[in-house]
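Work through these exercises with the sequence and the model open. Try each task before you read its solution.

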Amino acid sequence: MSRQLSTDERQPLLSAPHSHTYNSRESGVMESGKDNLGYETFGDGVFDNEKTLPNEELKPVAPQRSRAAHIIVVLSILMTELCERLTFYSISANMVLFCTSVLDYSDPDAATISLIFSGSVYLIPIVGGYVADSLAGRFNTIFGSGLIYLLGLFLIPASAVDYTAIFGTDDDGGSFDLTVQARRTYFILGLCFVGIGTGGIKANVGPFGAQQVEDMGESAVQSFFNWFYWFINAGAMIAYTAVAYVQQNISFAWGFFIPLVSMILALIIFLSFRSKYINTPPTGSVLTTVFNVCRQSCKKESPYVNGEKKFFDSSRQKYGGTFSDYTVDGIICVLRVVPIFALIIIYWAIYSQMQSTFFLQAERMDVSVGKENIPAAMLNVFNTIIIILLIPLVDRVIYPLFSSFGRPITHLQRMGIGMLLAAASVVVAGIVEIYRKKELEESGGFIQTLADQKFNSSHFSVFIQVPQFALVGASEVFASVSGLEFAFTQAPQSMQGFLTGLFFVASGLGSYVSTAILRIVEASTKSDPWFPEDINNGKVENLFFLLAGLMCLNFIIFVIVSYFYKYRDQSAVEGDEYNIDNDGDDVMKTVTNNEHNLYEPENTKL
């Protein structure tokens, strides 16, 4: 399940964990001195008027710990992440069904709520990263976000409880139950707190865990992220199967109580080893640096250099500014990548269909296996399975095979493949919808009850949806994982976290774009609705084909932009310098041989 990986979860969104770690004593006091390259360092922070060079490696002094102690500390963070991801996906898995069956929202409104929520949780981590970097530190931000999370997890079950069954009626026969409007208020407010909480955790828990094993070497860090990804998917699998089953077939009240318990357990585990963690004080955010460079460039007129005026030159120290060439060039690197990330927004709009229109489609198909009804949300498991199977295949077989032929597949080429696979997924969904409705018309369908809501459903098995979920999963391996690798390699270390944050922003915007498309379609097709309150009465297949068409058009533009994109010269990384105007190979040609990745990103199940 990508985006929900997650890789989501691997780097802080606004700081790079290996670009500015700090020389700290047990007291946490910053000290001045010299690094191993002979550069002078200061205790005022990462980018304090450029007194500290942003490419320095200032590492925290780790407490003496045995291997067993390392394992225990890492397991506490991994179990915290598993419980948090189980909590998050337990809330989002059946959100559409809860909104239609308990909160009495229409199908379009339920899909909109799901899309806005999924989009927001990928924008809020920017704030979470900033708070950790500049104000509170990672540990405090994770713990504080968990407490905010709990507020939402109390409100969401409160919106699902049948209070009449608990308290009965009053003397006049009146009910103690909540009105639908009150339930909606509790639920939406709960989602707001959950979004804030998961955003703060998402931005920091991965890099905080990696920080605990940095003293053991790069292989230990890579191993941590491999297991981090595994625990993310383990939490998602439990949510999409066991918890979704309880919500759909027993009650939403108990189904929402499980994530509350899970989050309490996560915080208990996380706090239990507080004294064992390596922690560093906040020293400043890259976001602030980017803002200050842009502000200074706007306020001061750029000088002519070799007869040419360049916008950011006025912020460089050698032309009267206060920022080093390294910092300014890094920001230019980031800005050159922005058009690429803007063109991946439509991809995420298609990805978000799994939680919205694909789910609505699944509700109106036969979800029975034997005598039991499986959760309609369980189809997301096939997205996760294809990712788990495909990542080792492309990493160990497909990519090396192309490289051995002298035709390595570049990052942008992989992202283009992911876009085409995403387009194929909604084409398949459209074809499934055509045949589903045709069978429904011919047979009359049957009444299927999910969470006390009745649906006129086709006799087609819901497992017919497996190909469209698998295609989205395959697209994620190429578009999402490669996109994160691209973010890591196209900026200096001090900017990698920020560029990764922009990538996640694109994924959040994709959900908002999907919401806008649904609303536009709903408003413009009222006479012959494509997306009505009950999709059995509409033409959702046309919506799917529209998304496929938009993706194909977006792909053409992406190819053009990619052709003119120049990869950052990776050969300069060792010297902490790079050439912005390098003559590297075009994206559709062979990329430089020493193109590298600090960590192999997981999928984005965040």
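## Exercise 1: Cysteines

At 59% relative accessibility, Cys298 counts as exposed. The model is a predicted one.

Solution. 
- Step 1. Cys333 has a relative accessible area of 1%, so Cys333 is buried.

## Exercise 2: Salt bridges

Solution. 
- Step 1. Opposite charges on side chains can pair when the charged atoms come close.
- Step 2. Take Glu84 and Arg85. Their side chains form a salt bridge at 2.7 Å, N to O. Glu84 has a relative accessible area of 2%, and Arg85 has 0%. Buried means under 20%, so Glu84 is buried and so is Arg85.
- Step 3. Take Arg364 and Asp107. This salt bridge also has an N to O distance of 2.7 Å. Arg364 sits in the loop between helix 14 (357-363) and strand 5 (368-369), while Asp107 belongs to helix 3 (residues 107-120), so the pair ties together parts 257 residues apart in sequence. Arg364 and Asp107 are buried.
- Step 4. Take Asp313 and Arg316. Their side chains meet at 2.8 Å, N to O, in a salt bridge. Both residues are buried. They also belong to a salt-bridge network with Lys318, Asp325 and Asp329.

## Exercise 3: A residue in helix 17

Task: is Ser475 buried or exposed, and which residues does Ser475 touch beyond four places in sequence?

Solution. 
- Step 1. Ser475 is part of helix 17 (residues 466-489).
- Step 2. Check the accessibility. The relative accessible area of Ser475 is 1%, so Ser475 is buried.
- Step 3. List the contacts. With residues up to four places away left out, Ser475 touches Tyr347, Gly418, Leu421, Ala422 and Ser480.
- Step 4. Pick one partner. Ala422 is 53 residues from Ser475 along the chain, yet their C-alpha atoms are 5.7 Å apart.

## Exercise 4: A nonpolar surface patch

Task: name the residues of the nonpolar patch on the surface, and say which helix gives the largest share.

Solution. 
- Step 1. Name the members. They are Tyr245, Ile250, Trp254, Phe257 and Val261.
- Step 2. Take the area. Together these residues have about 510 Å² of accessible area.
- Step 3. Assign the share. Helix 10 (residues 252-272) supplies the largest share, with three residues.
- Step 4. Inspect one member. Phe257 is in helix 10. Its relative accessible area is 38%, so Phe257 counts as partly exposed.

## Exercise 5: Span of helix 19

Task: compare the end-to-end reach of helix 19 with its expected value.

Solution. 
- Step 1. Count. Helix 19 (residues 540-564) has 25 residues.
- Step 2. Compare. The first and last C-alpha atoms are 37 Å apart, close to the 36 Å expected at 1.5 Å a residue.
- Step 3. Look at burial. Buried residues in helix 19 include Val540, Leu547, Met551, Phe558 and Ser562.

Terms used
Residues numbered from 1 in each chain as written. Predicted model: local features only at pLDDT ≥ 70, side-chain atom pairs only at ≥ 80, totals over all residues. Heavy atoms only, no water. Helix = DSSP H or I, 4+ residues; strand = E, 2+ residues; numbered from the N terminus. Buried < 20%, exposed > 50% of the residue type's maximum accessible area, 1.4 Å probe, protein only. Contact = heavy atoms within 4.5 Å. Salt bridge = Lys/Arg side-chain N within 4 Å of Asp/Glu carboxyl O. Patch = residues over 30% accessible without salt bridge, like charges linked within 9 Å, V, L, I, M, F, W, Y side chains within 5 Å. Areas by Shrake-Rupley, 256 points an atom, 1.4 Å probe, with all protein chains shown as cover. Expected span 1.5 Å × (residues − 1).
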